[in-house]
Amino acid sequence: MLIAVLIPLGLAILIYVVALARVTIAERVAPNIEAIGLGAIVSFFDTLGIGSFAPTAAWLKFRRMVPDRLIPPTMVVGLTAPAMAESVIFLVLLGVLVDPVLLFGCAMATLFGGLVGAPLVAKARVWIVQLTVAIGLVLAACAYAMANLHLFPGGGTAAGLPLGQMIVAIAASFGFGLLANFGVGNYAPTLVMLSLMGMDPRLSFPIMAAGGSLMGAGASLRHIQIGQIDLRVVIGLAIGGIPAVLVAALIVKSMPLGLLRWLVLVVVLYTAAVMFRAALLGRRERRAEVVTAGVAIS
């Protein structure tokens with residue numbers, strides 16, 4: 001059954017690369033140098049289990065590299081390439097140990113969730129995107145704090161789940177794929193959910209990575225077609241991220257991450273506060289526009 005995941009993953013990688021290369025060549029886009037460094041750092045630590053969406057969103061917002069509305073789709077497209085590298089590594093190393101039905105079901109559900117969620121971001125009002133990203137950042141910060149305080153679910157030793165829990169996990173994966181389009185990464189919620197259900201936390205990695213890369217590929221195609229992304233940042237994140245993933249996965253064995261998690265926590269909470277404020281101001285401005293339009297019509 002592992003081959004049933006590797007085949008669509010291989011096709012997804014091919015389609016993603018062709019689509020991104022085509023639009024990059026057509027628009028003659030050069031990568032953003034700062035984004036290359038950002039992609040390398042966040043993807044390196046993402047491979048170690050820290051996650052890349054929250055710190056990437058925090059930095060893009062802090063540096064004002066892209067407009068708030070473009071942060072989620074730009075992250076999804078740019079970080080999909082490193083996620084694909086991660087998925088291949090984790091599937092080869094750990095995929096054979098996971099219940100194949102659970103692995104395939106969760107990965108495909110995350111993919112379909114990403115496809116459904118991609119157009120929603122483009123249609124959503126800016127303040128709604130800002131609010132969703134802010135909520136996602138707070139949830140990520142909670143996950144970081146729990147991990148640093150050793151409050152994360154310890155998990156069990158299971159390689160699979162009973163039928164009922166498997167159905168719940170697959171349904172939840174669809175939701176995680178949908179929310180990923182708004183900048184809410186699927187790694188932390190998937191890890192918590194599967195650990196609470198008694199799975200070996202290590203075996204969550206091939207499920208998270210496969211689902212995230214398939215979702216990213218499907219959503220990226222939609223975002224590339226829609227065109228509401230910053231291609232310079234996208235290319236930079238991809239170029240910097242892929243070699244960083246390989247270094248982290250193949251060379252680094254252990255690393256003290258506690259202090260880094262706290263530093264990330266502070267940055268993420270600060271960015272969440274900024275996003276919440278921006279969303280509140282945007283909502284007020286939207287209401288003012290509606291009132292002004294109503295008065296003008298009358």
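What share of the contacts in the protein chain with a separation of 6 or more comes from residues 24 or more positions apart? In this predicted model, such residues account for 89% of those contacts. The chain that makes them has 11 helices and zero strands, so that every element in the run from the N terminus on is α, in the order α-α-α-α-α-α-α-α-α-α-α. Of its 298 residues, 52% count as buried. The accessible surface comes to about 13500 Å², and carbon and sulfur atoms hold 72% of that area.

On the H4 side the contact is made by Pro73, Val76, Val77, Thr80, Ala83, Met84, Glu86, Ser87, Phe90, Leu91 and Leu94. These meet Phe205, Pro206, Ala209, Ala210, Ser213, Gly216, Ala217, Ala219, Ser220, His223 and Ile224 in H9. By class, the contact has 15 nonpolar, six polar and one charged residues. An α-helix has 3.6 residues a turn, so residues three or four places apart point the same way. In the H4 list, Pro73, Val76 and Val77 are among the residues that meet H9, and Ala83, Met84, Ser87, Phe90, Leu91 and Leu94 also belong to that list.

His223, one of the H9 residues in this contact, can be followed in more detail. The residue is found in helix H9 and has a relative accessible area of 3%, under the 20% cut-off, so His223 counts as buried. Leaving aside residues up to four places away in sequence, His223 touches Pro73, Val76, Val77, Ala118, Val121, Asn181, Gln228 and Ile229. Among these, Pro73, Val76 and Val77 are also listed for H4 in its contact with H9.

H4 also packs against H2. The axes of H2 and H4 come within 11 Å and cross at roughly 25°. Because angles under 35 degrees count as roughly parallel, H2 is roughly parallel to H4. Their crossing is right-handed. Val42, Ser43, Asp46 and Thr47 of H2 make this contact with Leu79, Pro82, Glu86 and Phe90 of H4. By class, the contact of H2 with H4 has four nonpolar, two polar and two charged residues. Glu86 and Phe90 are named in the contact of H4 with H2, and both are named again in the contact of H4 with H9.

Helix H8 (residues 187-196) brings these elements together. Its residues Tyr187, Thr190, Leu191, Met193, Leu194 and Ser195 are buried, and the buried residues of H8 pack against helix H2 (33-47), helix H4 (71-94), H7 and helix H9 (204-226). Ser195, which lies in H8, has a relative accessibility of 6% and therefore counts as buried. The C-alpha atom of Ser195 is 9.3 Å from that of Thr157, although the two residues are 38 positions apart along the chain. Just after H8, Gly198 takes a positive phi of about 100°.

How do H7 and H8 pack, and at what angle? Helix H7 (residues 163-180) and H8 pack at an angle of about 165°, with their axes 10 Å apart. That angle makes H7 roughly antiparallel to H8. The crossing of the two is right-handed. Ala169, Ala172 and Phe176 in H7 meet Pro189, Thr190, Met193 and Leu194 in H8. By class, this contact has six nonpolar, one polar and no charged residues. Of the H8 residues in it, Thr190, Met193 and Leu194 are listed as buried.

Two further sites complete the walk. In helix H3 (residues 53-63), eight of the 11 residues are buried, so H3 is largely enclosed by the rest of the structure. The buried residues are Phe53, Ala54, Pro55, Thr56, Ala57, Ala58, Leu60 and Lys61. H3 is followed by Arg64, whose phi is positive, near 55°.

Ala273 lies in helix H11 (residues 258-297). Is this residue buried or partly exposed? With a relative accessible area of 44%, Ala273 is partly exposed.

Technical notes
Residues numbered from 1 in each chain as written. Predicted model: local features only at pLDDT ≥ 70, side-chain atom pairs only at ≥ 80, totals over all residues. Heavy atoms only, no water. Axes fitted to C-alpha atoms, helices over the stretch in contact; angles between N-to-C directions. Helix = DSSP H or I, 4+ residues; strand = E, 2+ residues; numbered from the N terminus. Parallel < 35°, antiparallel > 145°, perpendicular 65-115°, else oblique. Left-handed = near helix turned anticlockwise from the far one by under 90°. Contact = heavy atoms within 4.5 Å. Nonpolar A, V, L, I, M, F, W, Y, C, P; charged D, E, K, R; others polar. Buried < 20%, exposed > 50% of the residue type's maximum accessible area, 1.4 Å probe, protein only. Areas by Shrake-Rupley, 256 points an atom, 1.4 Å probe, with all protein chains shown as cover.
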